[in-house]
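User: I'm new to this one. Can you walk me through it?
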Amino acid sequence: MSRHPLSSERATLDPFVVATGDASPRDQRDLMERPFFSLAKARRTAPIRYAAGDVQVEVFAVPEHGMATIWDADVLIWAASQIVEAQNHGLTTSRFLRFTPYQLLTATKRGTGIRAYDLLKRALDRLQSTSIRTTIRHGEHWRRHQFSWINEWEVLARRDGQVEGMEFVLPDWFYRGVIDHTLVLAIDPAYFGLTGGLERWLYRVARKHAGHQPQGWRFDFAHLHEKSGSLARASDFALHLRRLILRQPLPGYQLFRDVENRRELLHIRPANASARVCGKDVKGVCTPHAPAICTSHAGDSVLRTQRSQLSLWPDDENQARNLSNSTSNFYRAAQSGENPPIRAEIRGPAGGEQSVADPASSTARPGGGQ
C-alpha cells in the first residue's frame, strides 16, 4: 500500500488495529442527551442550534450528504467501545482506527450484505461532512471547539477490488471524551435494535440521567421537545411520547406519564431494581436484553491483530500500554461513571433556547440539572 500523503493526519498517528473480539457497547456522555444528530432517516440540511446556560451546540450539514443521523452515531459508539475495551486490557489506543467493516456491522446488529456496506459508506460520508461547534468541555481560554465526527476515512482494497478493511480518524474532542472513563457509560446491546430515532435518543437520555437510580428521573415534555431540537410541533412531539409510553420500547427502562399543574411529565425508571452482573449485586445494571455487559469473556488475545483477517496491513500490533507513563497514553483509572443520586425536580420550559432538529426527535430536561 502506498504511503499516505503528508497532508493526511494518519501519517502522524500510530494505528489502533481493532481485533475480532467483542466489546461491550459504551456511549459517550456528552452525546447522550443533547441534539448532536438528526433523528430522522430523511435527509436533513437544516442546522441544529441549542443553548442552555454556558452549553452551546451547533450542528451544520452539507446538502450533498445531509446531517449525520442517530443511526450513524452507531459508528462512534462502536469506536468508543473498542477503545475502552482495549484500554481495560492495557493496550495503547489511537484516534486512527483500522478495522474490517464486518466487525463494525455485526457488532451494531447490521446486515453484512452489499447494501449494508454501501449504507456504512454513506454513514461515514455524513459523519465526515457534518460540522459541529460546541462549548462542551472547553478549555480555560478556548471557549468553542469545531470539528467533524470523522476527520478522514478510507476503504482498503486488494488489487482485485475486494474490500478488506477500513480506516478512519476520530476528532480529538470525541477521543478525549472516550479515554476519560468518567465520561463513558455502558449501554444495553439491545439499543442497536431500536428502530425509531426518538426512541434511540430517549434511551440515551434515560441511560445518562435515570441510570440505575431506583427512583428514576422525570422530564418535562416541553423541555424534552426543546432539548431535542425537533422540527415537529410540540403537540406532535408530545403525541409521539405518549405512543412510546404505550409501547414501552426502551430496554431496561419503563416509561410513565405524570401530570402536574397541567404539565405533562415523562417519568423514566429502571425496569429492574436490582440484578447481578459478573457475580456481584448491583442496582439495575442488567436487563433481559443485555446479557453481555461484563467483559470477562474477552481475553487479551482478542484485542490483538489477527493477521489472517488484516493481511493488507503491515505487521501492526497494538502495543501494551506503558502504565508508568499515564499522560502519553491518556490513561485514566476506570470508574463507574454512574450518575450520583439526585433528587428529581421539575422545571418549567426554559425560554429563549433556540433549537432546530428532526420530526422524530426528543430532549431531556433532568429535573433541575444538566
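Analyst: Let's start with a term. A cavity here is a set of grid points where a 1.4 Å probe fits but cannot get out. Keep in mind that this is a predicted model.

User: OK, how many cavities of 30 Å³ or more are there?
Analyst: The count is 1.

User: How much space lies in the largest cavity?
Analyst: About 30 Å³.

User: Which residues line the largest cavity?
Analyst: Leu31, Arg34, Pro35, Phe36, Phe37, Leu39, Ile70, Trp201 and Arg204. By class, that lining has 7 nonpolar and 2 charged residues, with no polar ones.

User: Switching to rings. How many aromatic pairs are there in the whole structure?
Analyst: A search finds 11. One of them joins Tyr191 and Phe192, with 5.7 Å centre to centre and 70° between the planes.

User: What kind of pair do Tyr191 and Phe192 form?
Analyst: An edge-to-face pair, because planes over 60 degrees apart count as edge-to-face.

User: Are Tyr191 and Phe192 buried or exposed?
Analyst: Both are buried.

User: Which charged end sits over the ring of Tyr191?
Analyst: That of Arg200, 4.7 Å from the ring centre.

User: Which residues do ring pairs link into a cluster?
Analyst: Phe36, Phe37, Phe147, Trp149 and Trp173. Phe36 and Phe37 also line the largest cavity.

User: Zoom out. How many helices and strands are in the protein chain?
Analyst: The chain has 7 helices and 15 strands. Of its 370 residues, 52% are buried.

User: And what about contacts in the chain?
Analyst: Take those with a separation of 6 or more: 72% are between residues 24 or more positions apart.

Key:
Residues are numbered from 1 along each chain as its sequence is written. This is a predicted model: local features need pLDDT of at least 70, side-chain atom pairs count only at pLDDT 80 or more; totals for chains, interfaces and linings use all residues. Side-chain values use heavy atoms; hydrogens and water are left out. On a 1 Å grid over the protein atoms alone, a cavity is a set of points where a 1.4 Å probe fits but cannot get out, and a pocket is an open set with protein on both sides within 12 Å along at least five of seven lines; lining residues have an atom within 4 Å of a point. Grid points are joined across faces, edges and corners, and a volume is the space filled by probe spheres set on the points. Ala, Val, Leu, Ile, Met, Phe, Trp, Tyr, Cys and Pro count as nonpolar, Asp, Glu, Lys and Arg as charged, and the others, Gly among them, as polar. Rings of Phe, Tyr and Trp (its six-membered ring) pair if their centres lie within 6.5 Å; planes under 30 degrees apart count as stacked, over 60 as edge-to-face and the rest as tilted. Buried means under 20% relative accessible area, exposed over 50%, partly exposed in between (1.4 Å probe, protein chains only). A charge sits over a ring if NZ of Lys or CZ of Arg is within 6 Å of the ring centre and within 35 degrees of the ring normal. Helices (H or I, at least four residues) and strands (E, at least two) are DSSP runs, numbered from the N terminus. Contact means heavy atoms within 4.5 Å.
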